[in-house]
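Please take a look at the sequence and structure first.

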Amino acid sequence: MKIFKIFALAAMMFGMVACDNEQTPEPVIDLDTTSAYNGTVSVVVNGETVSTPNSLIEIVPSEDGKSFSIVFKMIKFVPQMPALDITIPTVNYTIEEGVISFVAEGIIPICMGGEFPQYIVTQLKGTITATSIDLSLKFGEFETSFKGSLQTNA
């Protein structure tokens, strides 16, 4: 009977260790398809922060799966600005413990079919989880951030 208890205890301990090792997080979003996030864009203009709620961005994966583009959809950074789609192309990323992280410098954004080097993207950094995105960057001299939640088709 003691041998049975020892084997049962050993099996339980092995099971606990095996469960811990098997908890590898899955990717937080499907990087084979575009994901959309609704949230708030905040931009520092003349020392004041201008926030625009109900803004939309998309994460568009590259064909090779090694990077993605961040597309600000019909974004107005300040009330006087027309609404524009602005793309930050070729953002490399890593996935660790179920969180996508990205950091980039010197990316030229694309808007209205052309490049806008005067608004070069610097200090880009952010994370994407299973339900949200949080990023910050500078478009030229304009500090910009976005916090949003994953949109679902439900």
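The notes below go from the overall fold to the strands, the core and a salt bridge.

This is a predicted model, in which local features need pLDDT of at least 70 and side-chain atom pairs count only at pLDDT 80 or more, while totals for chains, interfaces and linings use all residues. Residues are numbered from 1 along each chain as its sequence is written, and side-chain values use heavy atoms, with hydrogens and water left out.

**Overall fold**
- The protein has 1 helix and 11 strands (DSSP runs, numbered from the N terminus: H or I of at least four residues for helices, E of at least two for strands).
- Along the sequence, the order reads α-β-β-β-β-β-β-β-β-β-β-β.
- Of the 154 residues, 34% are buried (under 20% relative accessible area; exposed is over 50% and partly exposed lies in between, with a 1.4 Å probe and protein chains only).
- Among contacts (heavy atoms within 4.5 Å) with a separation of 6 or more, 41% come from residues 24 or more positions apart.

- Strand 1 is mostly covered, with 8 of its 11 residues buried.

**The nonpolar core**
- The largest nonpolar core holds 32 residues, of which Ile70, Phe72, Ile88 and Leu124 touch the most other members (a core is a set of buried Ala, Val, Leu, Ile, Met, Phe, Trp, Tyr and Cys residues joined through side-chain atoms within 4.5 Å).
- Elements giving two or more residues to this core include strand 1 (35-45), strand 2 (48-61) and strand 9 (121-128).
- Leaving aside residues up to four places away in sequence, Leu124 touches several residues, among them Ile70, Ile88, Phe102 and Leu137.

**A salt bridge**
- The count comes to 1 salt bridge (a side-chain nitrogen of Lys or Arg within 4 Å of a carboxyl oxygen of Asp or Glu).
- Asp85 and Lys73 form this contact through their side chains, at 3.5 Å from N to O.
- The pair links distant parts of the chain, with Asp85 in strand 4 (residues 84-92) and Lys73 in strand 3 (residues 67-75), 12 residues apart.
- Asp85 is partly exposed at 31% relative accessibility, and Lys73 is partly exposed at 26%.
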